[in-house]
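Thanks for coming. I will go through one model, the sheet to begin with and a helix after that. Please have a look at the picture.

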Amino acid sequence: MSKLNDLIEKNRAWSESTRREKPDFFLKLSEQQLPNYLWIGCADSRVPANQIVDLLPGELFVHRNVANVVVPSDLNCLSVVQYAVEVLKVKHIMVVGHYGCGGVKAALENQRLGLIESWLRHIKDVRDKHHTLIELFREEDRVDLLCELNVLEQVIHVCQTTPVRDAWESGQELSVHGWVYGLSNGLIKDLQVTVDDTTQISEAYHRALTTIAQRNKG
């Protein structure tokens with residue numbers, strides 16, 4: 001007897017309930033996916049992408065990893081970006097971190113966690129880049145500050161990927177955004193870093209960085 005029978009039963013109940021309410025839901029869903037959005041978020045189980053923005057399956061293309069990192073060496077993430085941009089033609093890419101992120105906290109505090117430390121090196125690079133700013137804030141505020149700074153840096157990384165740059169050069173409608181989700185209230189904070197073209201990258205970055213610093217000081 002499988003120890004996961006309860007999950008299978010919940011799946012059956014969900015499927016039956018969905019089909020009662022919308023008899024053709026799964027048929028339509030199986031025929032195509034035409035999402036306008038790509039969500040690049042953290043793998044944390046408390047951050048369910050579709051539920052947070054109240055979208056149905058098929059309306060949101062999702063990639064998740066520890067601490068929502070986008071780096072040139074991660075072919076998984078880059079393949080998702082390429083497929084979303086070139087095939088699905090999404091119009092918006094959202095990099096979404098969350099306050100109290102365990103990966104960000106571990107990177108900030110140099111926790112020893114084994115293999116994952118190699119992945120968290122990317123977050124430590126963000127920490128080291130902004131160490132002067134981080135040290136201006138109270139210790140209890142630094143994890144959430146680094147969560148915001150990490151999102152900002154990953155937005156820029158997305159903008160620098162080949163599929164995104166090629167899309168902009170061809171005139172494709174595409175915007176990249178940076179958000180942070182609050183576990184304590186269920187609300188998304190827009191970090192006001194939205195990029196619609198390669199020419200906007202530097203200005204958007206510095207404007208958002210200034211806003212992050214000023215908001216956290218408040």
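How many bridges join strand E4 to E5, and do they run parallel or antiparallel? Keep in mind that this is a predicted model. Three bridges join E4, residues 175-181, to E5, and the two strands run antiparallel. Within E5, Asp190 stands opposite Trp179. As background, strands of a sheet pair through backbone hydrogen bonds, and the pairing can be parallel or antiparallel.

Now the whole sheet. It is open and has five strands, in the order E2-E1-E3-E4-E5, with mixed pairing. E2, residues 60-65, and E5, residues 188-190, are the edge strands, since each pairs on one side only. From one strand to the next, the twist averages 25 degrees. Helix H4, residues 75-87, packs on this sheet and touches E1 (37-42), E2 and E3 (92-98). The direction of H4 makes about 170 degrees with that of E2.

Next, helix H9, residues 162-169. Which of its residues are buried? They are Pro163, Val164, Ala167 and Trp168. Looking down the axis of H9, these buried residues fall within an arc of 130 degrees, so they line one face of the helix. The general rule is that an α-helix has 3.6 residues a turn, so residues three or four places apart point the same way. On the other side of H9, Thr162 and Glu169 are exposed. Just after the helix comes Gly171, with a positive phi of about 85 degrees.

That is the end of my part.

Notes: Residues numbered from 1 in each chain as written. Predicted model: local features only at pLDDT ≥ 70, side-chain atom pairs only at ≥ 80, totals over all residues. Heavy atoms only, no water. Buried < 20%, exposed > 50% of the residue type's maximum accessible area, 1.4 Å probe, protein only. Helix = DSSP H or I, 4+ residues; strand = E, 2+ residues; numbered from the N terminus. Arc of directions from axis to C-beta. Pairing = 2+ DSSP bridges. Axes fitted to C-alpha atoms, helices over the stretch in contact; angles between N-to-C directions. Contact = heavy atoms within 4.5 Å.
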